[in-house]
Protein chains: 2
Amino acid sequence: MFKKKIFEKRKTVQQVEESTSFAPKFDSNELIPVITTDYKSGEALMQGYMNKEALQKTIELGEAVYYSRSRKTLWHKGKISGLIQTIKEIRIDDDQDCIWLRVNVRGGSSCHVGYRSCFYRIVPFGKKIKNKTKLVLKFTEKKKVFNPKDIYKDFQNPTKL
Amino acid sequence: MFKKKIFEKRKTVQQVEESTSFAPKFDSNELIPVITTDYKSGEALMQGYMNKEALQKTIELGEAVYYSRSRKTLWHKGKISGLIQTIKEIRIDDDQDCIWLRVNVRGGSSCHVGYRSCFYRIVPFGKKIKNKTKLVLKFTEKKKVFNPKDIYKDFQNPTKL
């Protein structure tokens, strides 16, 4: 495994914003948010979180490893479903408190509900809702890539109310 | 302003994941994370947060309104810098705890440091770091779109160590 110290201490705003020093910020829960997009289409696939260990493993492995807040454990995406996310590029933002992963997805789906992207519904806005009494989401994907029951079987649904 | 009730109660997993009901989940700080990408290029521009009021204003206005955690106030992006984000599409994810905004940016920049995207640095991974003793970030943008000093003047830098 990777033995070197990969995270540097955050010392100055200049270092964090303008240098080549890798000094990510983890929040009060020791997590950093992650945006994951499809490398080719640019489509947002999911948003997750990593702790230090997950980020280090992702960097070593070249496959996305998140931290599951519902299961409170490392989550090597695709280990159960086979839908591994192979990393093409990792980026970090200006204040180094968010990670952007650009990935290819084996099997073409990233969503536990069975759709390609987790973001399969559009929220109407502006003029489109002017004379409406209620917001109605619009589906962007007509067909699921897989049936979650086939893949996850008795695995608990991670969605919390 | 928009008087109708736009958020529905979260009742069942089926409603949240599989229906057209708009029932976003706000976290323990009353915030929902937001991914913002460029409508044309798909590039991730920034990651922010909205509270209920910010999300409602964004939907009404068709321009991105975030909640600034550092300033603890609504943040109509671009009001100071002129770099307004005009919304082309809003999406919500499977469990409705993350928003994806697809925007056009007036002025072509979204980052307070002056770059086009906040994600202007690449984190090396996998084979690329095999014989390296240290991770070194790589800049993707050579030139800033604007000089932050010209735009923000004495406005406090939002980056926290």
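Which residue stands opposite B:I35 in β2(B)?

1. The residue to look for is B:Q47, which stands opposite B:I35 in β2(B). Please keep in mind throughout that this is a predicted model. The two strands concerned are β1 of chain B (residues 32–38) and β2(B), and they pair in the antiparallel sense over six bridges.

2. Now step back to the sheet around that pair. Six strands make up an open sheet with mixed pairing, and their order is β8(A)-β7(A)-β5(B)-β6(B)-β1(B)-β2(B). The edges are β8 of chain A and β2 (44–50) of chain B, each of which pairs on one side only. For background, strands of a sheet pair through backbone hydrogen bonds, and the sense can be parallel or antiparallel.

3. Strands β3 (residues 65–68) and β4 (residues 73–76) of chain A pair in the antiparallel sense, with four bridges between them.

4. A:Y66 is buried, because its relative accessibility is 0%. A:W75, in contrast, has a relative accessible area of 25% and is therefore partly exposed.

5. Over all chains there are 14 aromatic pairs. Another of them is A:F7 with A:F26, an edge-to-face pair at 5.8 Å centre to centre and 70° between the planes. A:F7 belongs to the segment before α1 (13–18) of chain A and A:F26 to the loop between α1 and β1 of that chain, so the pair ties together parts that are 19 residues apart in sequence. Both A:F7 and A:F26 are buried. Together with A:F22, these two residues form one aromatic cluster.

6. What about the nonpolar core? The largest one has 78 residues, and the members that touch the most others are A:F22, A:I59, A:L101, B:F22, B:I59 and B:L101. Leaving aside neighbours within four places in sequence, B:F22 has contacts in chain A with A:V123, A:L135 and A:L137. Its contacts in chain B include B:I6, B:F7, B:L55, B:I59 and B:I92, and also B:E8 and B:Q96.

7. Next come the charges, with 15 salt bridges over all chains. In one of them, A:R116 meets A:E43, with the closest N and O atoms 3.0 Å apart. A:E43 is buried at 10% relative accessibility, while A:R116 is partly exposed at 38%. The two also belong to a network of salt bridges that links them with B:E89, B:R91 and B:R102.

8. A salt bridge also joins B:E18 to A:K144, at 2.6 Å from N to O. The pair crosses between chains: B:E18 is in helix α1 (residues 13–18) of chain B, and A:K144 is in the loop between β8 (138–139) and α3 (148–152) of chain A. B:E18 is partly exposed, with a relative accessible area of 28%. A:K144 is also partly exposed, with a value of 30%.

9. Within chain B, the side chains of B:E63 and B:R106 form a salt bridge at 4.0 Å, N to O. B:E63 lies in the loop between α2 (52–61) and β3 (65–68), and B:R106 in the loop between β6 (99–105) and β7 (121–123), 43 residues apart. With a relative accessible area of 47%, B:R106 is partly exposed.

10. Finally, have a look at lysine over tyrosine. In chain A, the charged end of A:K88 sits over the ring of A:Y39, 5.6 Å from the ring centre. In chain B, the charged end of B:K88 sits over the ring of B:Y39, again 5.6 Å from the centre.

Notes
Residues are numbered from 1 along each chain as its sequence is written. Chains are lettered from A and ligands numbered from 1 in the order in which they are written. This is a predicted model: local features need pLDDT of at least 70, side-chain atom pairs count only at pLDDT 80 or more; totals for chains, interfaces and linings use all residues. Side-chain values use heavy atoms; hydrogens and water are left out. Two strands pair if DSSP finds at least two bridges between them. A nonpolar core is a set of buried Ala, Val, Leu, Ile, Met, Phe, Trp, Tyr and Cys residues joined through side-chain atoms within 4.5 Å. Buried means under 20% relative accessible area, exposed over 50%, partly exposed in between (1.4 Å probe, protein chains only). Contact means heavy atoms within 4.5 Å. Rings of Phe, Tyr and Trp (its six-membered ring) pair if their centres lie within 6.5 Å; planes under 30 degrees apart count as stacked, over 60 as edge-to-face and the rest as tilted. A charge sits over a ring if NZ of Lys or CZ of Arg is within 6 Å of the ring centre and within 35 degrees of the ring normal.
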